[in-house]
Amino acid sequence: MTNSVGDILHELKGKSSTFGWGAVAVFNRSTLNHMLEDQFAKRLGDARLLSPVSIEFDPTNLGHMRMELDSIQFGPPQLSFQSSAISSSMATLRFEIVAGDYATTNTHVETPDRLLSSGRLAEGMGFTLEMEIDLNPIVGEISGSGVVSIDFHNAENPRCNLVPESPTQRRIGALLLAEIQKQPAFRQSWQLGLLDLSTSGPLSPTHFAIRTQAMPNSNSVGSTQDEEGAVIFFIALKGLRGTATSFPSTFPHLIPDDERNGKQLYSATLLLDEQLINLATESELDALKSLVLPRDHAFDEGERHTPYDLIIFGNAKPNNEYVKIQPPLASIKNATTKQFTAHRGDGSELSGITWDARCITMPTASGSISATGRYQAVDKTVFGTNVLPTVISAHYDNGTKSKSALIFARFEKITVAPIVATSEMDGTPIIFAASSVGGGALNWRLISPSYGTLVPVGKNQAMYVPPANIGQESIVNQRIEVRDVSTGDTVEASVILVGTETHLKVNPPHITSVLGRGAVPLSVGSFGQKVTWHLLGDGEIDKDAGVFSPPLTLSTSAVSVAVCEVDFGAGAVLRGFSVIELADRQQEIKGWEGLQEFSITAMGPARSYVNGMQQIPIEIKIETTAPAPGSAQPHMPISDLELSSLRLVEKTGNTLVPVLAEHEEGIEWGATTQWAVHDRPNRFRLTGGFTATDSSTPQNAGTRYRRYYIHLAHRGDAVEFYAQFHDKYGSVWNSLEHGPQDKSTIQVSGISIPTRSKSNYKLARNRVWHNLATGRVEFDDFGNEDDFSSIQESIDHWSVNYVSDDFKSIGFSTLRILDNSSTIQWESDLDDETYCSYTGYAFSPISHPPKPQPPVNLHFDGYLRALARAVSHPQPSDEIIAHPPAPGELVVSVHRTHEFSHWRDSMAAGNDQRKFRERLESPVTYMLRDEDGNLHSVDIGFLVKSAEDSRNSLQIDLIAARKNYYGLGSFERI
């Protein structure tokens, strides 16, 4: 069964399919996953990724086994919809495991400890953490944004396929999810969409709901698209009154399956309610189409139809603001190179790039990167680590923007898991997975003498089935070779086949031994009998003392087995073994051992208005102790991973300070949060117009700086904060113990928001045009020019400015309009009245530091434009003839005409969309934040009708928001 454009149009024909919602936007799986991958790349550069997870637990929950997962690192999250239904917003979320180590040991009390399996993990092996998640919509009260986020706290059914057994998969999944849930909210929050709810007009969103939907027939037998589906944004618009709540199970799948050259033709769809079609301008439609998309993407329209509602098919495509680093995720063998490139959304190569490379776990092992983007990994892997995760960043636009990729410098050219496993030949198969930095197809084979069978299963995996027995042998090291057919690189794994009882306890049961380094003693208990040791694999072992000496180089297997036998005579032999993993020589670099300084400094005034928006910049310095004089060890700073755990703590309550989300500019109006912190500056100026000092330059290799910005919504005494971070072992370090006495904390104070009256707002009129063909300029009795009496058509620009009590002009930085964005008034209410005035507006925001602003145009309410069409009046022009708004200024335009036919809402014949006066006669409510972050709520409209020449002039009233920024609550004039 198909779901073509034609099929969808047939389904929608002759009826509304929005079910009370103003619009419906739909995006398919590939679009959403692309957005998540891009978000992953952005987060690499600002330390907001999930931290690697390390846990130790008993998969059996009976004390019979110990599993250790070390430094498990996740790749970009990916969505699938095989279990999704329109009745909910649930989807399946999958993280690929791209790095980490694991080991499983038998710890049953009745048997000696024995390694069951051990391996290293890499991307492409197919190991994942999956869960069912709820796509959670969160609406900001003041920011005018609606965020669709992934909510880990409501995740269900977590499972991890590191093991084949379903109960153990669920247990591992639950433990990994629990560790994710412990991480700070800013790490857990992944945005799937950001809706701008701050616009005005009939097509402006007021609220929205999220639903998910599986692709039709995706779960049918033989389907290759069982994970496909879509996220549906049901959007309520100002122009369609009422509260829509319906999500019918029969809602059609609006992403067509038409293809061109084997590729799906469309990935996104917009459906607009039929009642709003005549109110929609192309610019408003463009804004609605791209409503959910990030700023560096746009909706590329393919075709539109009107079977009843308006439906537009298209694709979400990167625009020229979009930048991508290739490859976004890769592995490389140490001492080799990898070329990175940066391109814009149109495919053109990005110029003016500055590249850098940072190993997030070991700063001194970052390697290097050339000016052209060629990365050189370090010569030797750092001792104790098999992989070095390194962030590659391209800085562009004069260093103001950056995009990143992640590369793993690995010890092996091919990573295999497990590298070693043991089997008692009970018929249980063992699944091997491998990943090659060469990227070629993999060939698997058993190395002779071979026991059992080995069969490739799926991409990069093979299944080993052990034999029923191994003949006269007691223990066999069955070697398995994995070869990259494109490069010829090989690696070996081992299965330790145990054909006899092994009740002898060997200590340690599992070790890693470095090639060419010192001997390792192995031991068993004292039995008073003959003890004999022998070795399966490379190296040497003292047959009497059990001392293992690793080889200088690796010639065959990377796994050796030390077998110990105690002969009690008469054929009674007690056996045991230890598994030895052989590692190449590595560069041994010690980490930092202590802190020289951990301090906090204000980078400007340590005070701000308590509006939640104005920031207090601070700088945190962390300097580690230097190595002893003459030491060959480098001065090691804390790592990026450790630095990313840096948090502010409120001193009195010892509570962590909340970290604002990426899209948030400050603490939302009405929030209960008293203080918060951000890692980047916003658009508002600092107290008193101060400029933050430049970031400090480290004076030695062991110093790291981090800039933070404190936000206050606290109307009380000064607040004191200190800083803390976690080292790689989980220990907490804080500035109270390691900072200079005067810099171990930072004390900040709040400034009360100034009270305001109407006298603080200045309305100034400027005549920008009048039509002398319809009148003439006259003068009053005092010789003053009369702009109105004999002028029938004119345009005035009324500038709106705020002046503080100390006579300082303060500009506006943000604007939001509630309900109507234009107001209208006729000279009289007579049916044949044609003299009329109406308003538009233009706004030029001010920001700090100043940013280039696009050209400013006049904006008019969509219902005003629809009314003009209804009475055959020319559409108002958005061109600004003269007196455009200065930065930080709002301009309200008044357009006077003598040919605008009178309208009564009784003429709407019951059509709610034609009740123009009901929607347009009220004053316009402007919600502005000034450049200090303070909120201003004002009504601007014509004088009362009873006043003489009321439609010629504007008046301003202050209002106070009672509940909600969207007009869902009430407002009161003050």
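This is a predicted model: local features need pLDDT of at least 70, side-chain atom pairs count only at pLDDT 80 or more; totals for chains, interfaces and linings use all residues.
View 1. Outside the four sequence positions on either side, Val498 has contacts with Ser423, Glu424, Met425, Ser474 and Phe577. Val498 belongs to strand β32, which covers residues 490–498. Its relative accessibility is 5%, and Val498 is therefore classed as buried, the limit being under 20%. The C-alpha atom of Val498 lies 50 Å from that of Asp356, a residue 142 positions away along the chain.

**View 2. The four-stranded sheet containing β39.** The sheet is open, its pairing is mixed, and its strands follow the order β33-β39-β38-β35. Strands β33 (510–514) and β35 (530–536) form the edges; each has a single partner strand, so one side of each has no neighbour in the sheet. From one strand to the next, the twist averages 25°.

**View 3. Pairing of β38 with β39.** Strand β38 spans residues 559–567 and strand β39 spans residues 573–583. The two run antiparallel and are joined by nine bridges. One of the residues to look at is Val559, whose bridge partner in β39 is Glu581. In general, strands of a sheet pair through backbone hydrogen bonds, either parallel or antiparallel.

**View 4. Cysteines Cys564 and Cys836.** Cys564 has a relative accessibility of 0% and so counts as buried. Cys836 is also buried, with a relative accessible area of 0%. A disulfide is a covalent bond between the sulfur atoms of two cysteines. With a cut-off of 2.5 Å between cysteine sulfur atoms, the number of disulfides in the model is zero.

Conventions
Residues are numbered from 1 along each chain as its sequence is written. Side-chain values use heavy atoms; hydrogens and water are left out. Two strands pair if DSSP finds at least two bridges between them. Axes are lines fitted to C-alpha atoms, for helices over the stretch in contact, and angles run from 0 to 180 degrees between N-to-C directions. Buried means under 20% relative accessible area, exposed over 50%, partly exposed in between (1.4 Å probe, protein chains only). Contact means heavy atoms within 4.5 Å. Lists of a residue's contacts leave out its neighbours within four places in sequence.
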